[in-house]
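Please work through the exercises below with the sequence and the three-dimensional model at hand. Each task is followed by a worked solution.

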Amino acid sequence: MDSNAGREMLLMLPAYYDAENVRAVLDTQGKEFDTLKSLLLYVADQLFPVSASSWGLDWWEKELDLPTIAGKPDSERRSRILSKLRGMGTVTINLMKVIAEAYDNGLVEVIDHPEDYYFIVKFIDHRGIPPNLGDVKAAVEAAKPAHLEVLYEFTYCWWGELYDLGKTWGEINTLGLTWEELKTWRPA
């Protein structure tokens, strides 16, 4: 018997039903139940942004009034959806941090300057400018109070890190990194 459901149904029947023709019927029905179960689990996955496939993400974007951007990777679409869901409620510095971290998938620090009506979103784990910075900006802008300005700070490899390696500039140059790669390089 090939199907899990067919085997389970056979176990529920009395032993005198264990004939070849009954097994064939139960196996056929069991395959259909297995297919149905797989489809139901697949559809259930669409109800949660973390497990939704492309068409489920389309539904979530429509539900949350987020524009669907053709060609955007599902991981970035998922981040936008999760950020929008997290961004509902009272606006706090912690909420801004949660929204930004949902996009960056790393540590973000939010530094508040209420006396000057601005705050800073500083990306700590990610080196350089995150690839989906536009989405981060849009989500933060949508959630923040209108009277506050937001500034963004990025982390790069700094000279002290290179100096601490104890290598000469010539040795670092042998790594073959471009200037852009060196700025975002993370020494081991």
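The model is predicted: local features need pLDDT of at least 70, side-chain atom pairs count only at pLDDT 80 or more, and totals for chains, interfaces and linings use all residues. Residues are numbered from 1 along each chain as its sequence is written, and side-chain values use heavy atoms, with hydrogens and water left out.

**Exercise 1.** Identify the buried residues of helix 2.

*Solution.* Buried means under 20% relative accessible area, with a 1.4 Å probe and protein chains only. The residues of helix 2 that qualify are Leu 26, Asp 27 and Gly 30. Helix 1 (4-12) is included in what covers them.

**Exercise 2.** Describe the lining of the largest pocket.

*Solution.* A pocket is an open set of points on a 1 Å grid over the protein atoms alone, where a 1.4 Å probe fits, with protein on both sides within 12 Å along at least five of seven lines; lining residues have an atom within 4 Å of a point. The volume of the largest pocket is about 210 Å³. Its lining comprises 12 residues, and those closest to the centre are Leu 66, Lys 84, Ala 138, Ala 139 and Ala 142. Helix 6 gives the most, five residues. By class, the lining has seven nonpolar, two polar and three charged residues.

**Exercise 3.** Which helix gives the most to the lining of the second largest pocket?

*Solution.* This pocket has a volume of about 170 Å³. Of its 14 lining residues, Ser 75, Ser 79, Ala 102, Tyr 103 and Asn 105 are the closest to the centre. Helix 4 and helix 5 each give two or more residues. Helix 4 gives the most, with six.

**Exercise 4.** Examine the largest nonpolar core and the contacts of Val 140.

*Solution.* A nonpolar core is a set of buried Ala, Val, Leu, Ile, Met, Phe, Trp, Tyr and Cys residues joined through side-chain atoms within 4.5 Å. The largest has 18 residues; Ile 99, Phe 119, Val 121, Val 136, Val 140 and Tyr 152 touch the most other members. Val 140 touches (heavy atoms within 4.5 Å) Met 96, Ile 99, Phe 119, Val 150 and Tyr 152, not counting residues up to four places away in sequence. A second, separate core of six residues includes Leu 57, Trp 60, Leu 64 and Leu 66.

Terms used. Buried means under 20% relative accessible area, exposed over 50%, partly exposed in between (1.4 Å probe, protein chains only). Helices (H or I, at least four residues) and strands (E, at least two) are DSSP runs, numbered from the N terminus. Grid points are joined across faces, edges and corners, and a volume is the space filled by probe spheres set on the points. Ala, Val, Leu, Ile, Met, Phe, Trp, Tyr, Cys and Pro count as nonpolar, Asp, Glu, Lys and Arg as charged, and the others, Gly among them, as polar.
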